[in-house]
Amino acid sequence: MAKEIYSKYPLIKYLRKEALPTALCPGCGGGTVLNAFANAVDQLKIDPKDLVVVSGIGCSAWIASPYFLADTLHTTHGRAIAFATGVKVGLPDKRVVVISGDGDLASIGGNHLIHAARRNIDITVILVNNFIYGMTGGQLAPTTPFGAKTTTSPYRNIEHPLQISETVAAAGASYVARWTTAHVYQLIESIKKALQVKGFSLVEVISQCPVQFGRRNQMKEPAEMLRWYLKNSVPISKAKKMSPEELEGKFVIGEFVNRERPEFVTELNKLIEEVQEHFGLKGE
Amino acid sequence: MIVRGDEPEQIRLLKKLYRPGNYFMQGNEALAYGAIFAGCRFYAGYPITPSSEIAEMMARELPKLGGYYLQMEDEIGSIAAMVGASWTGFKVMTATAGPGFSLMQENLGYAVMTETPLVLVDVQRSGPSTGQATKGAQGDFFQARWGTHGDHPIVALSPTSGQDAFWETIRAFNIAERLRTPVVMLFDGVLAHTRELVKIPDVEEVEITYRKLPKNEEEAKLPFGDPHGDGVPPMPLFGHGYFTHVTGSTHKENGLRDVYTPEVHDRLVRRLHRKIEKNKDVYEKYEEHFTEDAEILVVSWGVTARPALGAVLKAREEGIKAGLFVPKTVHPFPGERMKQLGKRVRAVLVAEMNLGQMIIEVERYINDDVLLKGINKIGGVPLTVEEILREIRGVA
C-alpha cells in the first residue's frame, strides 16, 4: 500500500519518504489537509527550501511534521506560533507555516495565537479543528460542541466552544478563513491566499476525527462526519443575516477577513533602518 | 541570515557605539553589554523585576546593531522565540527572574534535547512564588539544575559583580555556542541593581566563538550525530535547504522521531550528558583565595562571594587560616576540586542567600570528619562581612 502511494501520488516529491506511512488513523481528516497544503505549495510553485514548517503537539501537529519535506520544527505543546515567531524574524524571506490542532493552538497555545495575530507577523497558520484531543484519547477540547460527548464529558459537554476564526479576526490578523475537509478546493484556494498574504493568516479547517469524536457522537464513519459538515455549513454572507440562535450548531465557512495591515517583521526591519539612520550608523 | 557578532560590519558598529573605558553602571547593564559584545543579536523577553533593565537596554541598543528585540506575550513565548531564532543562526538571549524562569523550564528542556544554543539569564529574586519581588536571593540554584523534567545536563554560571557579569555573559555565549547547549546565568537582584565601576574593553580584547556548522551535505544529514567524537554535532541551520527536522521527542541522529526503541533514547540522552561531561575544559571555572594553607574553607557563589572574601581577609588579619572557594560555573559543580580542598581543611562554611542549596552539592564531596556548616540568610538583604566573619571565628 505504502509503495503504491510512492509511485502513484503525484505530490510525493513534497514528502519525507523515510517517515511514511503517516501515524494518522484511517479516515482521519489530516491526510486531506496535508494533501491540500501540498497542492497549494505546488500550485504556487513554492520551493520547499523556502519553507519552514512549525508544529506543536497532538495528532494535527503530525500532519506536516515530519512528513512534509522542508525544514520542520516540531515544538512543545501550544508553543508552535511563538517558536515560529523567532524563525520568521531570523528568516524574513522564507515562508513560515504552522500546522497544528485546536487544542494545541487555541487552548494551551491560545495566548500566542491571539498575540501573533495582533502583531500581524507574516506566519501562515493552518489550524486543524477536530473538536477533540485525539492523541490523548478523546478528551474534551475548548472547541467541543455544546452537548457533545467525550471521555472527559461522558454525560454531555456543558461548555461553549471557542469560535477560533472570529477571535483571530478580531485580534487583527490580515487573513482569516474557515473551511471543512468537505470543502477541499476552497481550502486549497484559501491556503494559497494565506501563503501569499503579507501578514498573519489563519486557515481554520474543521476536520473529522471519527475514532475519538465521531464514534462517541453517532458518527462512526468518516463519511457521516463529512455529511454532517456539509449539511451544517453556512457561508459567511448568509450567516451575517442569521440570528445567534439560528447559527447554533452551524459551521460558518468562508473568508472572515482579507485586509492589509502593517506587518511585524517588516516594521521591525524598518525600525532598525530608522534607528541606524538616526544615530548615523549606516555603513559607507 | 547569520549574525555571529564578529563580522567586520558588527566590529565597526561596536567600535563606533561603545568607547572603551570605565563606566558607572548597574549590574544588569553590564550584563547586557556583555551579551552585545558576545554577539547576541536576538533578544526575546517579558518584563519582570529585577531583570527588566536588561530588556530595556537590549530594546535600546540592539536596533543600532541591526539586531532584534522582541517583547513576547509571556516567558514561555520568549524562550520559544529564542529557540526558533537560534535555529536561523542568531545568538539569542532572554533575561527573567524566578517566576519567569519557572515558566521557561519546559522549553529549556526542549533546548537541551534539541541542542539549541541560547543564554537564559535568571536574575534571582526572593521566593517562593511572588515572594519579595524587588529583592535579591540565591534560591534558584537547583531550579537551574533540575527545573526541567527528565535526565538532562545543564551548564550554569554565576557572576560575582557587575564587571564579572560582563565577562561571564560572554563566556556563557561561548559555552552555549561551543557545546550547542543552553547556558543559564544565575545573576541576582542585588548585583543587578548595584551601580559600580565597570570597564568596557576594546572590542579586540573580547574573544567570541560561533557554533559548528556542517562542512558538507553529509554532516548536515546528521544534526544529532557525533561526527567529530566530541559529542557536539554541527548545526544545520534552517533556511539553507538542508530539510532539517527538529523535535523534542526522542530522535535518531538524523532528527527523525523514534520513541519506541530503548537504545535510541539511551544513546541520545547519554550523548547529551557525555557532551557536557567530557568538555569540562570548556566551562569549568572557579576562584580560590588563600586555599593553599587554609584550615577553614568558606565556599560561596554569586553575590555572597564578595562579603565572603571580605570576611576571609579580616579573618586572616586576625591570624585565622581561612580560605575561600568560589565556583563560577556552578553547574556542573566543580566536585573534583571541592574534594581536593575538602581533604585539607577541618571546617567548611557555605555562605549563600538561601536556606542551604549549594551546600548540598558541597556535602557530596567532603568527608564526614570535616565540620560542615551553612551560613544562610534570606529576606532580601545580602550577607555582610561581619556576619560571615562571626561564623568563621565560631569554628576557629
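Okay, housekeeping. Residues are numbered from 1 along each chain as its sequence is written, while chains are lettered from A and ligands numbered from 1 in the order in which they are written. Since this is a predicted model, local features need pLDDT of at least 70 and side-chain atom pairs count only at pLDDT 80 or more, whereas totals for chains, interfaces and linings use all residues.

On confidence, the model scores ipTM 0.97 and pTM 0.97. Chain B has an average pLDDT of 97, and 100% of its residues score at least 70; pLDDT is the predictor's confidence in each residue, from 0 to 100.

Let's take chain A. It has 11 helices and 10 strands, where helices (H or I, at least four residues) and strands (E, at least two) are DSSP runs numbered from the N terminus. Its radius of gyration is 19 Å, close to the 19 Å that the globule rule gives for 284 residues, so chain A is as compact as a globular protein of that length. That radius is taken over C-alpha atoms, and the rule is 2.2 Å times the number of residues to the power 0.38. Along the principal axes, the C-alpha atoms of chain A fill a box of roughly 70 × 50 × 30 Å.

How much of chain A is buried? Buried residues are 52% of the 284. Buried here is 20 or more other C-beta atoms within 10 Å of a residue's own, exposed is 12 or fewer, and partly exposed is in between, with C-beta atoms placed from the backbone. As an example, N35(A) sits in helix α2, residues 30-43, and counts as partly exposed because it has 18 C-beta neighbours inside 10 Å. N35(A) and A64(A) are 29 residues apart in sequence, and their C-alpha atoms are 9.8 Å apart in space.

Now, where the chains meet. The contact takes 35 residues from chain A and 42 from chain B, with two residues in contact if their C-beta atoms, placed from the backbone, lie within 7 Å. On the chain A side, β2 (71-74), α3 (80-90), α5 (110-119) and α11 (264-278) each supply at least two residues. Which of them gives the most? That's α3(A), with 8 residues. There is also a strand link: 3 bridges join β2(A) to β10 of chain B, residues 245-247, and the two run parallel. Strands pair if DSSP finds at least two bridges between them. Within that link, L73(A) has V246(B) as its bridge partner.

Over to chain B. The domain assignment gives domain 1 (8-205) and domain 2 (286-395); such bounds come from an automatic or database assignment. The C-alpha centres of these two domains of chain B lie 27 Å apart, and 23 residues of domain 1 are in contact with 19 of domain 2. On the domain 1 side, α6(B) has the largest share, 4 residues. That side divides into 11 nonpolar, 8 polar and 4 charged residues. For those classes, Ala, Val, Leu, Ile, Met, Phe, Trp, Tyr, Cys and Pro count as nonpolar, Asp, Glu, Lys and Arg as charged, and the others, Gly among them, as polar.

Last stop, A144(B), which is found in helix α6 of chain B. Buried or exposed? A144(B) is buried, because 25 other C-beta atoms lie within 10 Å. Leaving aside neighbours within four places in sequence, its contacts include D122(B), V184(B) and H331(B).
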